[in-house]
Amino acid sequence: ELYQRLLAWKFSDGRTFVLDRERDTWSLWMGWNAETNNFTAWAGTATCIRDDSGVSVVGTNDGKILKLERRSVSDNGTDIVMDLRTGFVTRGSALRKWCKHVRLMFHGGDDADGHALVSWRDGFSAWEPDRAISLSRGALGGTLGVDLYGLGVYKARQWRLRYSGSEDIVFAGAFEEFEVAED
């Protein structure tokens with residue numbers, strides 16, 4: 001795989017922003033610390049495409065040279081964790097909304113074995129405890145849709161979705177059934 005269309009900027013605070021010019025997308029690359037269960041600076045410091053093999057390699061801050069692959073499920077033996085966060089959702093109203101039902105949609109491999117964690121917060125309050133959702137096709141009846149019910153009342157809500165696993169899973173969207181309360 002060639003990475004000629006990726007441009008990366010690494011900042012002193014540990015964040016690495018990557019522009020994929022082929023897909024016209026931005027992403028934030030971070031490492032994962034399994035002991036603290038949180039993100040850390042990505043270890044990559046330099047990259048090149050080898051002239052002899054065309055393989056993309058990355059040099060790390062601890063002196064390792066690693067192969068850079070789009071389909072990797074680990075970063076030098078540590079899980080790669082996807083973290084998606086929405087902005088604050090108001091559904092066009094400052095009134096309270098009752099979240100009756102949320103359906104999360106995923107596309108991915110045939111044998112999805114991972115799990116995702118979904119959480120939310122209302123305003124700038126603390127995140128609700130993560131809810132684990134299975135991405136096993138058997139558990140999902142042959143589809144990659146997950147339904148959640150009874151997620152409370154909010155005025156402005158932010159959602160967070162985390163995933164790690166050996167399958168290449170794509171979060172395809174979310175649908176919320178809600179009712180606006182009359183204040």
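Analyst: The second largest pocket has 18 lining residues, and A8, W29, W42, A46 and T47 are those nearest its centre. On a 1 Å grid over the protein atoms alone, a pocket is an open set of points where a 1.4 Å probe fits, with protein on both sides within 12 Å along at least five of seven lines; lining residues have an atom within 4 Å of a point. The model is predicted: local features need pLDDT of at least 70 and side-chain atom pairs count only at pLDDT 80 or more, whereas totals for chains, interfaces and linings use all residues. Residues are numbered from 1 along each chain as its sequence is written, and side-chain values use heavy atoms, with hydrogens and water left out.

Strand 1 (6–10), strand 2 (16–20) and strand 5 (44–49) are the elements that each give two or more residues to this lining. Strands here are DSSP runs (E, at least two residues), numbered from the N terminus. Strand 5 contributes the most, with six residues.

In class, the lining comprises 13 nonpolar, four polar and one charged residues. Ala, Val, Leu, Ile, Met, Phe, Trp, Tyr, Cys and Pro count as nonpolar, Asp, Glu, Lys and Arg as charged, and the others, Gly among them, as polar. The space within the second largest pocket is about 290 Å³, a volume being the space filled by probe spheres set on the grid points, which are joined across faces, edges and corners.

Elsewhere, E176 belongs to strand 17 (residues 170–180). The side chain of E176 makes a polar contact of 2.5 Å with that of R91 and another of 2.8 Å with that of Y154; such a contact is a pair of N or O atoms within 3.5 Å, one able to donate a hydrogen and the other to accept it, and residues adjacent in sequence count only if both atoms are side-chain atoms.

Notes: Helix = DSSP H or I, 4+ residues; strand = E, 2+ residues; numbered from the N terminus.
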